[in-house]
Amino acid sequence: MILTVFLVVLLGLLALGMPIAFALLISAVPMMFQMDFVDPQILAQNMLSGANSFTLMAVPLFMLAGELMNEGGISRRIVNLASMFVGHIRGGLGYVAIFASVLLAALSGSAVADAAALGSLLIPMLRDKGYEAGDSAGLIAAGGIIAPIIPPSISFIIFGVATNVSITRLFFAGIAPGLLMALTLIAVWSWTVRRSGKNVLPSPRQPWSARLRAVRESVWALMLPVIIIGGLRGGIFTPTEAAVVAAVYALLISLFVYREIGFKDLGPLFMRAAMTTAIVMFLVAAAMVSSYMITLADMPQALVALLEPILDHPKWLMFALLILLTLIGTAMDLTPTILILAPVLMPVVTKAGIDPVYFGVMFVMVGCVGLLTPPVGTVLNVVAGVARIKMETIIRGAWRYVVAYTLLLVLMVIFPELITVPAKWIH
């Protein structure tokens, strides 16, 4: 009954257009009355404890690093590097987008930031070359969602905080799936180019002198993921400290090496990062209130009892959760999905003997695919805005990537070793 009250109030408020953070806060109040446990202090206490986390300090720092990379010329040099090496292949600009998506994913950890940066740089180039608007925008959107999978990942940080799973292990476990997503994009884009039948002329093959110059220009950008992964792998710093390193490194490179921003540009840049961070942190704080009430109502144990018949069959359980999360992902953004459902589902997963790190990677991957599906489709909306095209157009271009990613997820349910084995090698 309590779960019904929570869902009815939450979904009703969302249907009325209320921001999700306020909807989560308000939906906790009827649960208090239902349990005859009315105490307004709970709202304030849990909001404070939800945001008061040392680990969550990584979020604003990675947000700031992403802003610095986009404004300081780091993202543009990554795109230029990719263009030098694969731009001459048929459909080359699409492969440039995929290559750049992977490299940028290892820098920022934000799907929206990467999609916006790639879209503003590559969509005009793709359009000038004669590619269909929907095809090119769909590819950019599908490439953008690799960012929350390859470390450093803001979504893995939030998942780790919400479920008490090692963020470092989540980071390393995300490397192989992220690369598999890139291979999936390559396969689908290759099929798209052949199917279109258009003879789009690729860029001329670049001489090695130009390629080496592009490598020299981008070497400072490429060092960032090496520093972060190497530091985490060597135990030199924690994920939160890695965020500090990323932000300071991006600041110094943008100011003193590439010199594409000056001190006068830092104010607006810091403000944008702060505003994005405020939205995320308020959402985290609000979700902790609902999470507390859900735990108080013993919903996780009720869910364990409900799924008892398939707890002895982990793969069937993962398929059931995959379907559930896919449906929810179409209507809810990734961060609130993690904050609301991850703490509820983790006891079920643990009871079934499923590796929490494997489940965390799968959870975030499913949520990322939800960023490409209407009606919410955050990344779709961002790329459609950057490309100045209608939502129907980008949906027509993105659907094939949604199908391909879903097939990849099914493969990972059948063969969890695709995630767990590489994670052990790397870690």
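## Before we start

This is a predicted model, so a pLDDT cut-off applies: local features need at least 70, side-chain atom pairs count only at 80 or more, and totals for chains, interfaces and linings use all residues. Residues are numbered from 1 along each chain as its sequence is written, and side-chain values use heavy atoms, with hydrogens and water left out.

## A nonpolar patch on the outside

Let's begin on the surface. Val219, Trp220, Met223, Val226, Val244, Val248, Leu252, Phe256, Val257 and Phe263 form a nonpolar patch there, with about 890 Å² of accessible area together. To be in a patch, a residue needs over 30% relative accessible area and no salt bridge; nonpolar side chains (Val, Leu, Ile, Met, Phe, Trp, Tyr) are joined within 5 Å, and like charges within 9 Å. The areas come from the Shrake-Rupley method with a 1.4 Å probe, and for residues only the protein chains shown count as cover.

Which helices supply at least two residues each? They are α12 (208-233) and α13 (239-257), and α13 gives the most, with five. Helices here are DSSP runs (H or I, at least four residues), and strands are too (E, at least two), numbered from the N terminus. Val248 is in α13 and is partly exposed, with a relative accessible area of 43%. The scale goes like this: buried means under 20% relative accessible area, exposed means over 50%, and partly exposed is in between (1.4 Å probe, protein chains only).

## The largest pocket

The largest pocket holds about 870 Å³ of space. It is lined by 34 residues, and Met63, Ser110, Val112, Thr276 and Val280 lie nearest its centre. Among the helices that each supply at least two lining residues are α4 (58-71), α7 (111-129) and α14 (263-296); α14 gives the most, with seven.

How is a pocket found? On a 1 Å grid over the protein atoms alone, it is an open set of points with protein on both sides within 12 Å along at least five of seven lines, whereas a cavity is a set where a 1.4 Å probe fits but cannot get out; lining residues have an atom within 4 Å of a point. Grid points are joined across faces, edges and corners, and the volume is the space filled by probe spheres set on them.

## Two buried residues

Buried or exposed: what is Phe159? At 0% relative accessibility, Phe159 counts as buried. Phe159 sits in helix α9, and its contacts (heavy atoms within 4.5 Å) include Asn164, Ile338, Met346 and Phe363, leaving aside neighbours within four places in sequence. Phe159 and Thr337 are 178 residues apart in sequence, yet 9.8 Å apart in space, C-alpha to C-alpha.

Thr192, in helix α11 (residues 175-196), is buried as well, at 2%. With neighbours within four places set aside, Thr192 is in contact with Asp135, Arg400 and Tyr401.

The peptide bond from Pro151 to Pro152 is cis, with omega near 0 degrees. Pro152 is in the loop between α8 (133-144) and α9.

Asn164 has a positive phi of about 60 degrees although it is not a glycine; Asn164 is in the loop between α9 and α10 (167-173) and is exposed at 73%. Arg259 also has a positive phi, near 55 degrees. Arg259 lies in the loop between α13 and α14 and is exposed, at 65%.

## Charged pairs

Side chains of opposite charge can pair when their charged atoms come close. The whole structure has six salt bridges, each being a side-chain nitrogen of Lys or Arg within 4 Å of a carboxyl oxygen of Asp or Glu.

One of them links Glu71 and Arg272 (3.5 Å, N to O). Glu71 is in α4 and Arg272 in α14, so this pair ties together parts 201 residues apart in sequence. Another joins Glu260 to Arg77, with the closest N and O atoms 2.9 Å apart. Glu260 is in the loop between α13 and α14 and Arg77 in helix α5 (residues 74-86), so parts 183 residues apart in sequence are tied together. Glu260 is partly exposed at 34%, while Arg77 is buried at 13%.
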